[in-house]
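Dear colleague,

Please find the structure below, followed by a summary of what was found in it.

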Amino acid sequence: MSCLEARQWLSPYFDHELEPTRQFLIEEHLEICGSCREVFRRESQLEGILKGSLVSDAKTQAAWTDAIQALAVQPAKTWSVSIAFASIAIVGLCLGSWIWIQNHPNYAKDLPNDLEKAAFKSHEKYLGGQLPLQVQGVSVEEIERFIREELSIKIQLPREIPVAEMRIIGARPCHLAGVPVAYIIYQHSHEPVSVFAMQRKEAHWFQQLLEFKSKLWDSEISYHKHGQSISIRSAGDLVVIVAGYVPEEITRSIARAFSKRSFSS
Amino acid sequence: MKRGLQKEFLALLEPLAPAIQAYVRHLAWNPTDIPDIFQTALMNAFQKFSLFQRGTNFKAWIFKFVTHAAFNANRKFERADREDENIADTHPEAAIEKLEEDLAYHDLLHHPEILRGLMSEKVSEAVIALSPRRRGIFLLRSVGDCSYQEIAHILDIPAGTVMGELYRARQELRKKLTAYVQENRLIRKEGGHELP
């Protein structure tokens with residue numbers, strides 16, 4: 001092998017990329033040729049210096065570190081974000097459920113007697129001055145208009161109730177266990193009687209009223225216990241609940257008067 | 001499970017970090033692209049890591065992502081890849097003869113330590129002046145310590161092309177550095193005396 005031939009393979013020789021035969025021939029030449037041996041040595045040194053100059057710098061190292069950290073953090077971030085979103089969603093769901101249950105407590109509670117409890121709870125509040133009437137001392141027609149405008153409940157109030165010493169006092173919006181109702185106060189011999197009128201579509205919230213959904217206009221529930229009377233009757237698109245510390249015939253008469261009024265109009 | 005993959009990926013990456021950093025440092029045309037190159041390369045590589053066959057060449061695999069990201073970043077700056085016209089690439093013997101007749105190069109060869117005195121910036125300038133492919137090949141060999149086969153795989157070129165281009169890259173670098181040394185009179189010959 002000539003010096004020229006040997007030197008033309010200098011580059012791959014340094015890289016140990018020569019096929020074995022050529023590698024052997026070059027090494028054989030280098031053993032006998034001092035000049036080529038010197039050239040190969042200096043070229044190797046030059047290459048080493050060049051390589052040593054091609055290093056990274058502080059900025060590049062910092063950029064690399066940032067990239068590694070971004071890679072290391074990203075799945076955790078994703079995980080944390082997922083957990084955060086899930087937590088927010090769960091909390092939101094719980095809060096929403098709590099708020100909804102507060103407005104519709106019957107949904108989460110035992111339904112029997114809830115309507116009775118709710119009705120008398122409001123009745124007691126009125127008696128305790130905690131439910132001031134928003135309209136009173138006005139005509140039946142004005143109370144009807146008030147209920148229609150305030151609650152969007154189309155109600156026909158009876159023009160007369162076949163009970164002695166019975167008069168209408170006033171009305172206000174109210175709710176029974178979160179269900180919006182029109183609250184009308186009557187008075188029988190100085191004893192207040194509460195009348196709650198709710199839309200029939202809300203009846204399913206109360207166990208006692210489930211049968212009202214399917215039955216005809218003469219559905220009625222009425223009873224008296226522990227000095228409390230309650231009468232429930234359907235009145236067209238409405239369900240009327242009458243409650244008070246009065247005899248059962250009073251509450252029943254009022255309920256029937258509402259029912260009769262709704263079907264006579 | 002993703003944590004385990006990440007740990008494995010980073011463990012394989014760690015020993016290659018200095019080489020990858022040096023590679024990108026000198027491959028990127030614009031230094032401000034370096035952070036993006038790293039981020040893009042590492043993110044893309046990690047996303048595909050589940051497809052990487054354990055026991056195969058991770059170095060070549062990761063350098064492929066790094067090279068791809070760097071070449072993409074360079075695209076807006078790079079001139080078209082071109083063959084150097086000053087060095088005869090069809091007759092390497094002639095090129096060697098020419099270079100060896102060049103006294104300046106002869107001096108440089110006899111005083112390679114002169115390069116140590118140069119700011120690494122000058123060497124970087126010479127490297128960045130190489131065409132994109134030659135630069136990539138040279139850097140993969142010099143700082144990446146990649147074999148010709150690995151370089152061929154990373155750059156998706158024939159192994160024979162790697163050999164020829166690497167030879168030409170080295171010649172080009174030596175020519176540029178020789179010219180610099182000569183211009184700046186880093187070696188002087190006066191009456192046969194050579195400065196150390």
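**Contacts between chain A and chain B**

Between chain A and chain B, 13 residue pairs are in polar contact, both residues being at pLDDT 80 or more (a pair of N or O atoms within 3.5 Å; within protein, one must be able to donate a hydrogen and the other to accept it, and residues adjacent in sequence count only if both atoms are side-chain atoms). The side of chain A that touches chain B draws two or more residues from each of α1 (3-8), α2 (10-14), α4 (34-53) and α5 (58-103) of chain A (helices are DSSP runs of H or I, at least four residues, and strands runs of E, at least two, numbered from the N terminus). Its largest share, 13 residues, comes from α5(A).

This is a predicted model, in which local features need pLDDT of at least 70 and side-chain atom pairs count only at pLDDT 80 or more, while totals for chains, interfaces and linings use all residues. Residues are numbered from 1 along each chain as its sequence is written, chains are lettered from A and ligands numbered from 1 in the order in which they are written, and side-chain values use heavy atoms, without hydrogens and water.

The rule also finds six salt bridges across this interface (a side-chain nitrogen of Lys or Arg within 4 Å of a carboxyl oxygen of Asp or Glu). B:Arg174 forms a salt bridge with A:Glu43, where the closest N and O atoms are 2.8 Å apart.

Yours sincerely
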